[in-house]
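Hi everyone, thanks for coming.

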Amino acid sequence: MRRKLPRAVAVPVTAALVLLSAGPAGAQDIPTTPIPQPGSPGQPPGSVPNEPQPLGHAVGDAGTALGVLRLLPNSVTTGTILPGFGQQLPKQSALEAGMGLSSASANSEAYLSYEKSIAQSSPFGLAVGGQAPQVPGSLTQTALPDNPKEITGGLNAPSNPLLNVGLLNGSAHARWSDTLGPCVGTISDASTSVASLSLLNVIPTLPQVPLLGGGGLNLPSTDKLATGFDPASGLQSLGGLLSGGEKAQPGGAGSLLSLPNTLSSHSQVKLVDIPGSKNKAVQSVSTLQGADLQILKGTPLELDLKVVSQPTLTVTSTGDAKTSKVEYQAPVLTISAGGKTLYTLDAANPTQDIPIGLPLSPLSDQFGALDNVPVVGGLVATATQGLKQLSDTTNKVLDLGVLRLSIANLEQKQSEATTPFKGYQLGASARLFDLQVLPTERLKSLLPKDAGDKLPSSLAQLSLGEQVARAYAPTGGVVCGSTTPAPNAGGQAPAAPAKHLAYTGAAYDTVPLFWTGTALLLLGVVMVAAFPNRRRLPLVLHRNPGEQKPFKPSPFPRD
């Protein structure tokens, strides 16, 4: 890793990765350091760089999560620094844990150079009440400066009662050009793969009360449980369907959802060609590659989910609403038990509810003794006849909860934008698979009053393959070039700067006068030294009286 992100950048990036369930926001919402503003109106702005600057503007990000666990979703008010503003935002989950996260982002408008391009591969992420701490063990690469090679790494996550993650491998590659900016092809690329994954071997949001006996469920006196069903475990293990305990079991046995084979996520932001234009479009791609899934592994009621088609989410912004688009290849899942297909989840049938209930005595009268597990989706586990499918469960099953299975859930958002540049932005989010544990009104009535009144509308939510992609391009597309073009091959280089500075100002006018005066003074000193001074007698003119002769000089003074 070339450098670590400061805490101010790592925390919002981690939060964005973990909270992938939020609806797609505008591409400007990528967290970056705000541009410093002058402290007073008279203060000058920041200096302007004098080197060549890129002409292209591009903003985009893509994020993919292999798995996300949410406890009590939509139950915690979002905290904000503005009073009362949190009430207007969607509520957060009490706890969110993400596994196998990959994120790629590009932002030409970022103030700090290393926020231009960020690629991150995280083994896991955690958010409590919407607050996400810094994630250890992540791979992060930023640009500028540019990175010719990617970074790679791996991690083995510790076991815990909520999730069991196998070997995680990741890579991150961030690119950016000093002169061409985003015009480097693939700007940001991150991927994460996990060898195996199992989630939730206990439902901690359910009250820990026994199904039978004192302090347990208030079963009606007219309802008698079937022969063979007398679980010693409590409600948190769904009557024995989950293993419970302090940590997940090896191989995913006893967990609500398991992935025994490799699952990988890939997030990418790049520039692509626009047909009929020399400019580029911003494209964000989120890809998920998954194998088969298993629900209630290790129990007689184990359900197999086969991923028939892999989902891919692609968002492309050309800067024009007419040519920008969101492309999504929706997954197809088949759910089977004992080799027989029970349900098919596709675009036409995206949701399926599977009820969970306690078997009543009419079932044992019909099939004999049962295995010590509840009835799931009308499937009854008998001691001698194997699995039996009920066409009608009326007066035969006492419903407790519902497993809600859903796929796709594609959401889109788009808008014209003028800040920080004029263009078009759009985003989309989708999920490969959702598994929710919902309580029924019947369960609330069977629980002790203090526990039944506090039971939330959703107990837990498992999401596999959460995908988010956003793109924002200026009108007309991304321009590739710089403010100062380089000289053509064979052309003349720019002239060198002047070696001497011109005299400017009154101070420089005194320099010639100073040296002229100094030269004359030295000349005078030399002349005085070459011709010394000699004392001479005064000259007097006189003549003798009576002589008619002209005056002649006399060497002696006259009396």
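Before the residues, one term: a residue is called buried when its relative accessible area is under 20%, and exposed when that area is over 50%. And keep in mind that this is a predicted model.

So, Tyr472: at 0% relative accessibility, it falls under that 20% cut-off and therefore counts as buried. Its partner here is Phe421, and the two rings are stacked, 4.3 Å centre to centre with 15 degrees between the planes. That's the one aromatic pair the count gives. Phe421 sits in the loop between strands S23 and S24, while Tyr472 is in strand S25, so we're linking parts of the chain 51 residues apart. Phe421 counts as buried too, at 8%.

Now, salt bridges. How many does a search of the whole structure find? Seven. As a general point, side chains of opposite charge can pair when their charged atoms come close.

Let's start with Asp61 and Arg470, where the closest N and O atoms are 2.4 Å apart. Asp61 lies in strand S1 and Arg470 in strand S25, so this pair ties together parts that are 409 residues apart in sequence. Are these two buried or exposed? Buried: Asp61 has a relative accessible area of 10%, and Arg470 comes in at 9%.

Next, Arg175 meets Asp146 at 2.7 Å, N to O. Both are in loops, Arg175 between S7 and S8 and Asp146 between S4 and S5. Arg175 is partly exposed at 23%, and Asp146 is partly exposed at 27%.

Then there's Arg404 with Asp353, at 2.8 Å between the closest N and O atoms. Here strand S23 is tied to strand S19, across 51 residues of sequence. Arg404 is partly exposed at 32%, and so is Asp353 at 34%. Also, Arg431, Asp434 and Glu466 are linked in a network of salt bridges.

Last stop: Ser267, in strand S11. Ser267 is buried, with a relative accessible area of 0%. Its side chain makes a polar contact of 3.0 Å with the side chain of Ser102. Further along the sequence, Ser267 also touches several others, including Ala62, Asp189 and Val285.

Gln120 is 147 residues from Ser267 in sequence, yet 9.4 Å away in space, C-alpha to C-alpha. Gln120 has a polar contact of its own, side chain to side chain with Thr140, at 3.3 Å. Thr140 lies in strand S4 and counts as buried at 5%.

Note on methods
Residues numbered from 1 in each chain as written. Predicted model: local features only at pLDDT ≥ 70, side-chain atom pairs only at ≥ 80, totals over all residues. Heavy atoms only, no water. Helix = DSSP H or I, 4+ residues; strand = E, 2+ residues; numbered from the N terminus. Buried < 20%, exposed > 50% of the residue type's maximum accessible area, 1.4 Å probe, protein only. Contact = heavy atoms within 4.5 Å. Polar contact = N/O pair within 3.5 Å; in protein donor to acceptor, adjacent residues only side chain to side chain. Phe/Tyr/Trp six-rings, centres within 6.5 Å; stacked < 30°, edge-to-face > 60°. Salt bridge = Lys/Arg side-chain N within 4 Å of Asp/Glu carboxyl O. Lists of a residue's contacts leave out its neighbours within four places in sequence.
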